[in-house]
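Have the model open as you read.

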Amino acid sequence: MIRKTLLATALAGLVSSTAYAAPFTLNPGFDGGFTPDGNTVTASLNELGFTGTYATSIYLGNPAVAGTAVVDTNILSVMTSYGFSAGAHTNILGTSVDNGNLTPNGEFFAPPIPAGINIDALNAQGGSGDGEGFADGVFTPYGIPTANGTTWGLTYQYEIKGTTTGSGVDYTSGYFDIFYTNGTTSKQVLRINITNSSLTIAELVLNGSVSFDFDGVGAVDDTAGDTVIQNFFNDVPSGKSFYDLWKTNTTAPVVQFRLDTNVDPAVPDPAQLVCGFSDALAADCKNPLIRQTSLDGSATFSVPEPGSLALLGLAVTGLGFVGRRRKQA
(Lines give C-alpha, C1' and ligand atoms only; values in the text may rest on other atoms or scores of the structure.)
Protein backbone atom coordinates (compact mmCIF):
# COMPACT_ATOMS: atom_id res chain seq x y z
CA MET A 1 0.00 0.00 0.00
CA ILE A 2 2.84 2.37 0.82
CA ARG A 3 4.56 1.75 -2.53
CA LYS A 4 1.31 2.32 -4.40
CA THR A 5 0.62 5.57 -2.56
CA LEU A 6 4.14 6.86 -3.17
CA LEU A 7 3.93 6.03 -6.87
CA ALA A 8 0.56 7.70 -7.19
CA THR A 9 1.99 10.80 -5.53
CA ALA A 10 4.91 10.78 -7.94
CA LEU A 11 2.49 10.56 -10.86
CA ALA A 12 0.61 13.63 -9.67
CA GLY A 13 3.86 15.56 -9.30
CA LEU A 14 5.01 14.49 -12.75
CA VAL A 15 1.92 15.79 -14.48
CA SER A 16 1.75 19.08 -12.56
CA SER A 17 5.43 19.89 -12.95
CA THR A 18 5.54 19.36 -16.70
CA ALA A 19 2.40 21.25 -17.68
CA TYR A 20 2.92 24.61 -19.35
CA ALA A 21 0.83 27.44 -20.79
CA ALA A 22 0.39 26.15 -24.30
CA PRO A 23 0.13 28.46 -27.31
CA PHE A 24 -2.90 27.58 -29.41
CA THR A 25 -4.64 28.58 -32.62
CA LEU A 26 -8.25 28.80 -33.75
CA ASN A 27 -9.49 27.59 -37.13
CA PRO A 28 -12.90 29.02 -38.16
CA GLY A 29 -12.68 27.19 -41.47
CA PHE A 30 -12.31 30.14 -43.85
CA ASP A 31 -9.70 32.72 -44.81
CA GLY A 32 -11.27 35.74 -43.12
CA GLY A 33 -10.23 39.29 -42.42
CA PHE A 34 -9.34 42.08 -44.84
CA THR A 35 -5.95 40.70 -45.82
CA PRO A 36 -5.93 37.15 -47.22
CA ASP A 37 -3.04 34.99 -46.07
CA GLY A 38 -3.88 31.73 -47.79
CA ASN A 39 -4.92 29.83 -44.65
CA THR A 40 -7.85 29.60 -42.27
CA VAL A 41 -5.93 29.60 -38.98
CA THR A 42 -5.41 32.49 -36.58
CA ALA A 43 -2.07 33.60 -35.26
CA SER A 44 -0.64 31.74 -32.29
CA LEU A 45 -2.53 32.83 -29.18
CA ASN A 46 -1.73 32.99 -25.48
CA GLU A 47 -5.22 33.45 -24.09
CA LEU A 48 -8.84 34.38 -24.66
CA GLY A 49 -10.05 37.52 -22.91
CA PHE A 50 -13.45 38.80 -21.83
CA THR A 51 -14.69 41.96 -20.13
CA GLY A 52 -17.95 43.38 -18.88
CA THR A 53 -19.67 40.11 -18.00
CA TYR A 54 -22.74 40.47 -15.80
CA ALA A 55 -21.76 37.83 -13.24
CA THR A 56 -24.70 36.53 -11.24
CA SER A 57 -24.14 34.60 -8.00
CA ILE A 58 -26.89 32.66 -6.21
CA TYR A 59 -26.36 31.82 -2.53
CA LEU A 60 -28.51 29.04 -1.08
CA GLY A 61 -28.15 30.42 2.42
CA ASN A 62 -26.03 33.01 4.22
CA PRO A 63 -22.86 33.71 2.16
CA ALA A 64 -21.02 34.75 5.33
CA VAL A 65 -21.38 31.21 6.71
CA ALA A 66 -18.83 28.66 5.51
CA GLY A 67 -20.35 25.71 3.68
CA THR A 68 -23.20 27.61 2.02
CA ALA A 69 -23.90 26.30 -1.49
CA VAL A 70 -23.24 28.77 -4.35
CA VAL A 71 -24.21 28.75 -8.01
CA ASP A 72 -22.59 31.20 -10.44
CA THR A 73 -24.02 31.49 -13.93
CA ASN A 74 -24.75 33.73 -16.91
CA ILE A 75 -27.52 31.46 -18.24
CA LEU A 76 -30.80 33.37 -17.95
CA SER A 77 -33.00 30.28 -17.55
CA VAL A 78 -30.87 29.10 -14.62
CA MET A 79 -30.81 32.56 -13.09
CA THR A 80 -34.60 32.82 -13.36
CA SER A 81 -35.12 29.42 -11.72
CA TYR A 82 -33.43 30.79 -8.57
CA GLY A 83 -35.57 33.94 -8.43
CA PHE A 84 -33.60 36.37 -10.61
CA SER A 85 -35.50 39.12 -12.39
CA ALA A 86 -34.20 42.11 -14.32
CA GLY A 87 -34.85 45.63 -13.08
CA ALA A 88 -34.41 47.70 -9.94
CA HIS A 89 -34.52 45.85 -6.62
CA THR A 90 -34.44 46.41 -2.88
CA ASN A 91 -31.63 44.63 -1.07
CA ILE A 92 -31.98 42.61 2.15
CA LEU A 93 -31.29 45.79 4.14
CA GLY A 94 -34.35 47.46 2.63
CA THR A 95 -32.38 49.96 0.55
CA SER A 96 -31.42 50.26 -3.11
CA VAL A 97 -28.98 47.64 -4.36
CA ASP A 98 -25.36 48.83 -4.29
CA ASN A 99 -23.40 47.00 -6.98
CA GLY A 100 -20.69 49.60 -7.41
CA ASN A 101 -20.22 51.02 -10.90
CA LEU A 102 -22.01 48.19 -12.67
CA THR A 103 -25.20 50.24 -13.03
CA PRO A 104 -25.94 53.72 -11.67
CA ASN A 105 -29.28 52.76 -10.10
CA GLY A 106 -28.49 49.29 -8.86
CA GLU A 107 -30.56 47.37 -11.39
CA PHE A 108 -30.12 43.72 -12.25
CA PHE A 109 -29.77 42.84 -15.92
CA ALA A 110 -30.28 39.79 -18.07
CA PRO A 111 -26.98 39.11 -19.86
CA PRO A 112 -26.96 41.37 -22.96
CA ILE A 113 -26.25 39.41 -26.14
CA PRO A 114 -23.62 39.33 -27.40
CA ALA A 115 -21.92 42.08 -25.35
CA GLY A 116 -22.43 40.33 -22.03
CA ILE A 117 -21.47 36.80 -23.05
CA ASN A 118 -18.73 37.23 -25.63
CA ILE A 119 -15.00 36.59 -25.82
CA ASP A 120 -13.82 40.04 -26.87
CA ALA A 121 -10.08 39.52 -27.27
CA LEU A 122 -7.74 37.02 -28.89
CA ASN A 123 -4.43 37.74 -27.19
CA ALA A 124 -1.70 36.78 -29.63
CA GLN A 125 1.88 35.89 -28.81
CA GLY A 126 4.07 38.94 -29.29
CA GLY A 127 1.18 41.36 -29.66
CA SER A 128 -1.21 41.78 -32.58
CA GLY A 129 -1.78 38.92 -34.98
CA ASP A 130 -4.02 37.46 -37.64
CA GLY A 131 -7.55 36.90 -36.34
CA GLU A 132 -9.01 35.50 -39.56
CA GLY A 133 -11.97 37.89 -39.31
CA PHE A 134 -12.53 37.58 -35.56
CA ALA A 135 -14.82 40.30 -34.16
CA ASP A 136 -15.59 40.99 -30.54
CA GLY A 137 -19.32 40.96 -31.16
CA VAL A 138 -19.91 44.47 -29.92
CA PHE A 139 -18.33 46.94 -32.32
CA THR A 140 -18.50 44.69 -35.39
CA PRO A 141 -21.73 42.69 -35.67
CA TYR A 142 -21.38 39.04 -36.51
CA GLY A 143 -22.09 38.19 -40.13
CA ILE A 144 -20.93 41.47 -41.71
CA PRO A 145 -18.93 40.52 -44.84
CA THR A 146 -15.30 41.57 -44.98
CA ALA A 147 -13.14 41.69 -48.09
CA ASN A 148 -12.33 37.98 -47.87
CA GLY A 149 -14.90 36.31 -45.71
CA THR A 150 -17.29 36.82 -42.86
CA THR A 151 -16.64 38.15 -39.40
CA TRP A 152 -17.14 35.70 -36.56
CA GLY A 153 -16.96 35.61 -32.82
CA LEU A 154 -17.01 33.49 -29.69
CA THR A 155 -19.60 33.51 -26.94
CA TYR A 156 -19.74 31.54 -23.72
CA GLN A 157 -22.07 30.35 -21.03
CA TYR A 158 -21.25 28.89 -17.66
CA GLU A 159 -22.74 27.34 -14.57
CA ILE A 160 -20.31 26.60 -11.78
CA LYS A 161 -21.00 25.38 -8.26
CA GLY A 162 -19.19 25.46 -4.95
CA THR A 163 -19.44 26.37 -1.28
CA THR A 164 -18.47 29.42 0.74
CA THR A 165 -15.34 29.30 2.85
CA GLY A 166 -15.70 32.42 4.96
CA SER A 167 -13.22 34.30 2.78
CA GLY A 168 -14.74 33.50 -0.61
CA VAL A 169 -15.99 30.49 -2.54
CA ASP A 170 -14.43 27.12 -3.29
CA TYR A 171 -15.75 25.98 -6.69
CA THR A 172 -15.62 22.23 -7.32
CA SER A 173 -17.93 21.49 -10.26
CA GLY A 174 -19.75 22.92 -13.25
CA TYR A 175 -18.91 23.85 -16.80
CA PHE A 176 -17.81 26.68 -19.07
CA ASP A 177 -19.02 26.29 -22.68
CA ILE A 178 -17.65 28.17 -25.70
CA PHE A 179 -19.63 28.73 -28.91
CA TYR A 180 -18.60 29.79 -32.43
CA THR A 181 -21.03 32.14 -34.20
CA ASN A 182 -20.95 34.04 -37.48
CA GLY A 183 -24.43 35.55 -37.64
CA THR A 184 -26.08 32.61 -39.39
CA THR A 185 -24.40 29.74 -37.57
CA SER A 186 -23.89 29.14 -33.88
CA LYS A 187 -22.39 25.93 -32.58
CA GLN A 188 -20.67 24.76 -29.45
CA VAL A 189 -16.96 24.13 -30.02
CA LEU A 190 -15.70 23.38 -26.51
CA ARG A 191 -16.71 22.43 -22.98
CA ILE A 192 -14.53 22.94 -19.94
CA ASN A 193 -15.41 20.89 -16.87
CA ILE A 194 -14.51 22.84 -13.74
CA THR A 195 -12.70 20.76 -11.14
CA ASN A 196 -11.32 23.18 -8.53
CA SER A 197 -10.52 26.81 -7.78
CA SER A 198 -8.23 29.05 -5.77
CA LEU A 199 -8.87 32.50 -4.38
CA THR A 200 -6.44 35.27 -3.52
CA ILE A 201 -7.11 38.95 -2.90
CA ALA A 202 -9.53 40.05 -5.65
CA GLU A 203 -8.54 37.15 -7.93
CA LEU A 204 -10.43 33.92 -8.49
CA VAL A 205 -8.78 31.16 -10.52
CA LEU A 206 -10.92 28.35 -11.93
CA ASN A 207 -9.25 25.15 -13.11
CA GLY A 208 -10.69 22.47 -15.32
CA SER A 209 -10.19 20.22 -18.31
CA VAL A 210 -11.28 20.36 -21.95
CA SER A 211 -13.98 17.96 -23.10
CA PHE A 212 -16.04 17.27 -26.20
CA ASP A 213 -18.68 15.54 -24.12
CA PHE A 214 -20.93 18.60 -24.25
CA ASP A 215 -23.80 17.26 -22.14
CA GLY A 216 -21.58 15.65 -19.52
CA VAL A 217 -22.96 12.16 -20.01
CA GLY A 218 -20.42 9.35 -20.08
CA ALA A 219 -17.52 11.03 -21.91
CA VAL A 220 -19.43 10.57 -25.18
CA ASP A 221 -18.24 12.48 -28.25
CA ASP A 222 -20.94 15.10 -28.95
CA THR A 223 -19.40 16.66 -32.06
CA ALA A 224 -21.47 14.46 -34.39
CA GLY A 225 -18.58 14.18 -36.83
CA ASP A 226 -18.40 17.96 -37.29
CA THR A 227 -14.90 18.67 -38.59
CA VAL A 228 -15.20 22.40 -37.89
CA ILE A 229 -15.68 21.66 -34.17
CA GLN A 230 -13.02 18.97 -34.16
CA ASN A 231 -10.41 21.26 -35.72
CA PHE A 232 -11.39 24.59 -34.17
CA PHE A 233 -8.97 24.62 -31.19
CA ASN A 234 -5.41 23.48 -31.87
CA ASP A 235 -2.35 22.98 -29.69
CA VAL A 236 0.70 24.58 -31.36
CA PRO A 237 3.57 22.53 -29.81
CA SER A 238 2.08 19.13 -30.62
CA GLY A 239 0.39 20.16 -33.86
CA LYS A 240 -2.76 18.33 -32.74
CA SER A 241 -6.27 19.60 -32.24
CA PHE A 242 -7.74 19.73 -28.76
CA TYR A 243 -10.27 17.20 -30.03
CA ASP A 244 -7.57 14.71 -31.05
CA LEU A 245 -5.82 15.17 -27.72
CA TRP A 246 -9.10 14.60 -25.88
CA LYS A 247 -9.77 11.42 -27.85
CA THR A 248 -6.52 9.90 -26.55
CA ASN A 249 -8.15 9.56 -23.11
CA THR A 250 -11.70 10.83 -22.70
CA THR A 251 -11.87 9.87 -19.02
CA ALA A 252 -8.63 11.66 -18.06
CA PRO A 253 -8.47 14.67 -20.41
CA VAL A 254 -5.04 15.88 -21.50
CA VAL A 255 -5.82 19.55 -22.19
CA GLN A 256 -6.17 21.59 -19.01
CA PHE A 257 -7.88 24.96 -18.58
CA ARG A 258 -7.24 27.94 -16.32
CA LEU A 259 -9.55 30.92 -15.99
CA ASP A 260 -8.27 33.99 -14.13
CA THR A 261 -11.02 36.38 -13.05
CA ASN A 262 -11.37 39.41 -10.83
CA VAL A 263 -13.63 39.13 -7.79
CA ASP A 264 -14.42 42.26 -5.82
CA PRO A 265 -15.42 41.69 -3.13
CA ALA A 266 -14.97 37.93 -2.74
CA VAL A 267 -17.61 37.84 0.00
CA PRO A 268 -20.71 39.87 -0.96
CA ASP A 269 -21.73 42.88 1.07
CA PRO A 270 -25.35 42.76 2.35
CA ALA A 271 -26.06 45.90 0.33
CA GLN A 272 -25.44 43.86 -2.83
CA LEU A 273 -27.76 40.98 -1.95
CA VAL A 274 -31.37 40.60 -3.06
CA CYS A 275 -33.82 38.00 -1.79
CA GLY A 276 -34.86 36.07 -4.89
CA PHE A 277 -38.51 36.19 -6.01
CA SER A 278 -39.55 38.56 -3.21
CA ASP A 279 -37.03 41.37 -2.39
CA ALA A 280 -37.70 40.56 1.27
CA LEU A 281 -35.59 41.80 4.16
CA ALA A 282 -32.89 39.50 5.50
CA ALA A 283 -34.97 38.32 8.45
CA ASP A 284 -37.91 37.38 6.22
CA CYS A 285 -36.07 35.92 3.25
CA LYS A 286 -36.72 32.21 2.65
CA ASN A 287 -35.36 32.24 -0.92
CA PRO A 288 -31.86 32.21 -2.44
CA LEU A 289 -29.85 35.41 -2.12
CA ILE A 290 -28.65 36.90 -5.41
CA ARG A 291 -25.79 39.22 -6.27
CA GLN A 292 -24.86 40.64 -9.65
CA THR A 293 -21.54 42.27 -10.40
CA SER A 294 -19.13 42.72 -13.30
CA LEU A 295 -16.43 40.24 -14.21
CA ASP A 296 -13.33 40.37 -16.42
CA GLY A 297 -10.99 37.50 -17.06
CA SER A 298 -8.65 35.53 -19.29
CA ALA A 299 -8.62 31.87 -20.29
CA THR A 300 -5.47 29.85 -20.97
CA PHE A 301 -4.82 26.20 -21.82
CA SER A 302 -2.02 23.82 -20.94
CA VAL A 303 -0.88 20.44 -22.22
CA PRO A 304 1.73 18.09 -20.67
CA GLU A 305 4.97 18.05 -22.64
CA PRO A 306 5.27 15.02 -24.95
CA GLY A 307 8.16 13.61 -22.92
CA SER A 308 6.16 13.72 -19.72
CA LEU A 309 3.33 11.78 -21.35
CA ALA A 310 5.78 8.98 -22.14
CA LEU A 311 7.08 9.04 -18.58
CA LEU A 312 3.52 9.00 -17.33
CA GLY A 313 2.88 5.85 -19.34
CA LEU A 314 5.92 4.19 -17.81
CA ALA A 315 4.84 5.21 -14.34
CA VAL A 316 1.35 3.78 -14.86
CA THR A 317 2.95 0.54 -16.09
CA GLY A 318 5.06 0.48 -12.95
CA LEU A 319 1.97 1.02 -10.83
CA GLY A 320 0.35 -2.01 -12.43
CA PHE A 321 3.53 -4.05 -11.90
CA VAL A 322 3.53 -3.21 -8.19
CA GLY A 323 -0.08 -4.33 -7.99
CA ARG A 324 0.66 -7.65 -9.66
CA ARG A 325 3.65 -8.32 -7.41
CA ARG A 326 1.52 -7.71 -4.33
CA LYS A 327 -1.21 -10.04 -5.66
CA GLN A 328 1.30 -12.81 -6.37
CA ALA A 329 2.83 -12.44 -2.94
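Is E159 buried or exposed? E159 is buried, at a relative accessible area of 13% (buried is under 20%, exposed over 50%, partly exposed in between, with a 1.4 Å probe and protein chains only). This is a predicted model, where local features need pLDDT of at least 70, side-chain atom pairs count only at pLDDT 80 or more, and totals for chains, interfaces and linings use all residues. Residues are numbered from 1 along each chain as its sequence is written, and side-chain values use heavy atoms, leaving out hydrogens and water.

E159 pairs up with K161 in a salt bridge (a side-chain nitrogen of Lys or Arg within 4 Å of a carboxyl oxygen of Asp or Glu). K161 is partly exposed at 37%. The structure holds five salt bridges, including these:

| Pair | Closest N and O atoms |
|---|---|
| K161 and E159 | 4.0 Å |
| K187 and D226 | 2.7 Å |

(Strands, E, at least two residues, and helices, H or I, at least four, are DSSP runs numbered from the N terminus.) K247, in helix α4, and D221, in the loop between β14 and α3, are 26 residues apart. K247 is partly exposed at 44%, and D221 is partly exposed at 26%.
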